[in-house]
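This report walks through a set of computed geometric features. It begins with one residue and ends with the contact between chains.

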2 protein chains.
Amino acid sequence: MTRHIRTEPLTAETFAAFGDVLDASGAPDRTINEGRCQRYHDKARLDFSDGRAGVSIFKSETVSLPLTLTLVERHPDGSQAFLPMSSDPFLVVAAGDRDGTPKTPRAFLTRAGQGVNFHRGVWHGVLTPLGGPGLFAVVDRIGDGANLDEHRFATGFIITSD
Amino acid sequence: MTRHIRTEPLTAETFAAFGDVLDASGAPDRTINEGRCQRYHDKARLDFSDGRAGVSIFKSETVSLPLTLTLVERHPDGSQAFLPMSSDPFLVVAAGDRDGTPKTPRAFLTRAGQGVNFHRGVWHGVLTPLGGPGLFAVVDRIGDGANLDEHRFATGFIITSD
């Protein structure tokens, strides 16, 4: 049996069950720098069991659609934000949980200027840039322990663009 | 009297007195995602007197060189990281302190894939994108109080590319 997932656009509403969309949509919270800059304030729910927030840089190989998804992971001890350092889109895979096992994943396609913050413990795919340098700033928990659960699907999902 | 500052390339060494360069230079600290991704771990010295780290999105007008610098600011209660969400360069201005007043600023030109983290209390220019969408993720202190000192130079500095 092959299973298919179609990508959907990433919006705050479609992604709400899994985390935060980090972008400059809607009205800014403040205008700063003598009117030259708009601040969209405190957009990510950072949430760590212990340890502290840190900023790391990830450089990943790029992929293209369709792709076969076999693995998702979650971080029980902390949220994780992926902030692209280019205007290229990336694929965001997330899944709900049923008794410690991921449900059927959903796949979201970003547009330029969008990052995401996975809430603590949410099943998600690994970083999946669809083009460009594959460079991201990642805000996640710095602390002890593995902070990682992995789930491998017996049958992969084929993710296609819509 | 007109005063000139020439931009210099942004490197970890040239910027060390002011903060951290956030990029994928040098050897990665870890390879993750079955060998497909390199992690440059915990690159920013986040430092807050109180409050907590947060992620905000800034959308700024772009500027071009030469420009006249008249204002610098500092945040006494916390570090501030500027992470570009495009591959476009931006200008990073920073200055040492002498008795509460900024010394002559220095101006650094980023290349694609570089962000910065200003250490707590360091005098710096406001966000200055030199092209592109002017979109940045900012990791700074979320907390009470203004957390802002500003200094206006009686005579502006003209910043030119080298």
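## Conventions

Helices (H or I, at least four residues) and strands (E, at least two) are DSSP runs, numbered from the N terminus. This is a predicted model, in which local features need pLDDT of at least 70 and side-chain atom pairs count only at pLDDT 80 or more, while totals for chains, interfaces and linings use all residues. Residues are numbered from 1 along each chain as its sequence is written, chains are lettered from A and ligands numbered from 1 in the order in which they are written, and side-chain values use heavy atoms, with hydrogens and water left out.

## Gln80(A)

Gln80(A) sits in strand S7 (residues 80–84) of chain A. Its relative accessible area is 4%, so Gln80(A) is buried. The classes are buried under 20% relative accessible area, exposed over 50%, and partly exposed in between (1.4 Å probe, protein chains only).

The side chain of Gln80(A) makes two kinds of entry below: polar contacts and plain contacts. A polar contact is a pair of N or O atoms within 3.5 Å; within protein, one must be able to donate a hydrogen and the other to accept it, and residues adjacent in sequence count only if both atoms are side-chain atoms. One polar contact runs to the side chain of His124(A), at 3.3 Å. Another reaches the side chain of Asp140(A), at 3.1 Å. Contact in general means heavy atoms within 4.5 Å. Neighbours within four places in sequence aside, the contacts of Gln80(A) include Phe58(A), Phe118(A), Val138(A) and, from chain B, Arg39(B).

## Aromatic pairs

A pair of aromatic rings is described by the distance of the centres and the angle of the planes. Rings of Phe, Tyr and Trp (its six-membered ring) pair if their centres lie within 6.5 Å; planes under 30 degrees apart count as stacked, over 60 as edge-to-face and the rest as tilted. Over all chains, the structure holds 16 aromatic pairs. Phe15(B) and Phe18(B) form a tilted pair, because their planes stand at 55 degrees, with the centres 6.0 Å apart. Phe15(B) is buried at 0% relative accessible area. Phe18(B) also counts as buried, at 7%.

Phe118(B) is buried, at 2%. In chain A, ring pairs join Phe15(A), Phe18(A), Phe58(A), Phe82(A), Phe108(A) and Phe118(A) into a cluster.

## Backbone exceptions

Most residues other than glycine have a negative phi, and most peptide bonds are trans. Leu65(A) and Pro66(A) are joined by a cis peptide bond, with omega about -5 degrees. Pro66(A) is in the loop between strand S5 (52–60) and strand S6 (67–74) of chain A. In chain B, the bond from Leu65(B) to Pro66(B) is cis, with omega near -5 degrees. Pro66(B) lies in the loop between strand S5 (52–60) and strand S6 (67–74) of chain B.

Asp99(A) has a positive phi, near 55 degrees. Its place is the loop between strand S9 (97–98) and strand S10 (101–102) of chain A. Asp99(A) is exposed, at 76% relative accessibility. Phi of Asp42(B) is positive as well, near 55 degrees. Asp42(B) lies in the loop between strand S4 (37–40) and S5 of chain B. At 23% relative accessible area, Asp42(B) is partly exposed.

## Interface of chains A and B

Contacts join 46 residues of chain A to 46 residues of chain B. About 3800 Å² is buried between the two chains, and carbon and sulfur atoms give 55% of it. Buried area is the accessible area (1.4 Å probe) that two parts lose on being put together, summed over both. Arg36(A), Val55(A) and Met85(A) supply 19% of the area that chain A buries against chain B, more than any other three residues.

Six salt bridges are counted between chain A and chain B. A salt bridge is a side-chain nitrogen of Lys or Arg within 4 Å of a carboxyl oxygen of Asp or Glu. One of them pairs Asp140(B) with Arg39(A), whose closest N and O atoms are 2.9 Å apart.
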